[in-house]
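Please walk through this fold one piece at a time, with the sequence and the model side by side.

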Amino acid sequence: MADLHDRWVAERRNEHYYKLAKKLNYRSRASFKLIQIDERFGIFKPGDAVVDLGACPGGWCQVAQERTWPNGKVIGVDLRYIKPIEGVETFMGDITHDSTMIELMERFGGKADVVLSDMAPNIAGHYSMDHARSINLCMYAVDVCDRILKKEGKLVMKVFMGDMFDSLMDELKKRFQSVKVHSPDASRDTSSEVYVICQGYYGKSNITLKKPEAEEKKPEFTVKGGFI
Ligand SMILES: C[S@@+](CC[C@H](N)C(=O)[O-])C[C@H]1O[C@@H](n2cnc3c(N)ncnc32)[C@H](O)[C@@H]1O
């Protein structure tokens, strides 16, 4: 009974943010997740350079563009085509491919103040598999930070909860002064997603990230705590 009620509440909440997104010309109701995160944690400043991973259809890019205006720089990448957004550069690519990582660094051409990742795997409906795939994408977002995030920079990243969550948190804590887990009102649906808000990047950790060969392969952790 509680489940049915929770689902009903989640559907009403989603419908509310969906209608609000339409009304305010945001491309996704996910925009409100980032707005709520920014209002609580103060992520953006005017003039910031922002990288948005998993950016389609572009709701987070719109929010980042508005909140870094007038001199901000925003670039978004996704597996899927993103319809052009004024003042934002977008391109198609898979961030797990080296060619995309290189293209991102070339197009961006500098260091980022903020890295965003709302990347989500295709949901298989299998809790631990979806979690492992989400952790894999998070590892790539951390890799992007190690390549282009400025010292003191910020990372906002979506994660699906599961048993590797604590190991991911350990990795983030080695790189950032502050790591907080947050679930904005706009994201409190029936899914297991949470957002990690990382601030005060120390610079590249001495841990080398080595990605799993196949997406399905579970990331493992070394004794030192690094991804191998
Ligand atoms: C929840 S959506 C992002 C919504 C977006 N933040 C917005 O506000 O419009 C997640 C996106 O992650 C993308 N994605 C998943 N895996 C990816 C990968 N390996 N490289 C790039 N994008 C990826 C998906 O294609 C999907 O569009």
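Strand β6 and strand β7 (residues 193–201) run antiparallel and are joined by 6 bridges, helices (H or I, at least four residues) and strands (E, at least two) being DSSP runs numbered from the N terminus. Within this pairing, Val 181 stands opposite Val 196 of β7. This is a predicted model, in which local features need pLDDT of at least 70 and side-chain atom pairs count only at pLDDT 80 or more, while totals for chains, interfaces and linings use all residues. Residues are numbered from 1 along each chain as its sequence is written.

Val 179 also has its place in β6. Leaving aside neighbours within four places in sequence, Val 179 is in contact with Met 169, Leu 172, Lys 173, Val 196 and Cys 198, where contact requires that the C-beta atoms of two residues, placed from the backbone, lie within 7 Å. Val 179 has 19 other C-beta atoms within 10 Å and is therefore partly exposed; a residue is buried if 20 or more other C-beta atoms, placed from the backbone, lie within 10 Å of its own, exposed if 12 or fewer, and partly exposed in between. The C-alpha atoms of Val 179 and Val 156, which are 23 residues apart along the chain, are separated by 9.7 Å. Helix α6 (residues 165–175) lies across β5 (149–160), β6 and β7, and runs at about 145° to β6, with axes taken as lines fitted to C-alpha atoms, for helices over the stretch in contact, and angles running from 0 to 180 degrees between N-to-C directions.

These strands belong to an open sheet of 7 strands with mixed pairing, in the order β3-β2-β1-β4-β5-β7-β6, two strands being paired if DSSP finds at least two bridges between them. The edge strands, each pairing on one side only, are β3 (88–92) and β6 (176–182). From one strand to the next, the twist averages 15°. Helix α4 (residues 98–108) packs on this sheet, where α4 touches β1, β2, β3 and β4 and its direction makes about 165° with that of β2.

Strand β1 (residues 49–53) is largely enclosed by the rest of the structure, because 5 of its 5 residues are buried. In a regular strand the side chains alternate between the two faces of the sheet. In β1 both faces are covered, with Ala 49, Val 51 and Leu 53 buried on one side and Val 50 and Asp 52 buried on the other. On the β2 side, 5 bridges join β1 to that parallel strand, and Ala 49 has Lys 73 of β2 as its bridge partner. The chain crosses from β1 through α3 to β2 in a right-handed β-α-β crossover, meaning that, with the strands pointing away from the viewer, the path from the first strand over the helix to the second runs clockwise. β1 also pairs in the parallel sense with strand β4 (residues 112–117) over 4 bridges, and here Asp 52 stands opposite Leu 116.

Around the ligand lie 22 residues, of which the closest are Ser 28, Ala 30, Gly 54, Gly 59 and Asp 118, a residue being near a molecule if its C-beta atom, placed from the backbone, lies within 6 Å of it. At least two residues of this shell come from each of α2 (30–41), α3 (59–68) and β2 (73–78).

For the chain as a whole, there are 6 helices and 7 strands, and buried residues make up 39% of its 228 residues.
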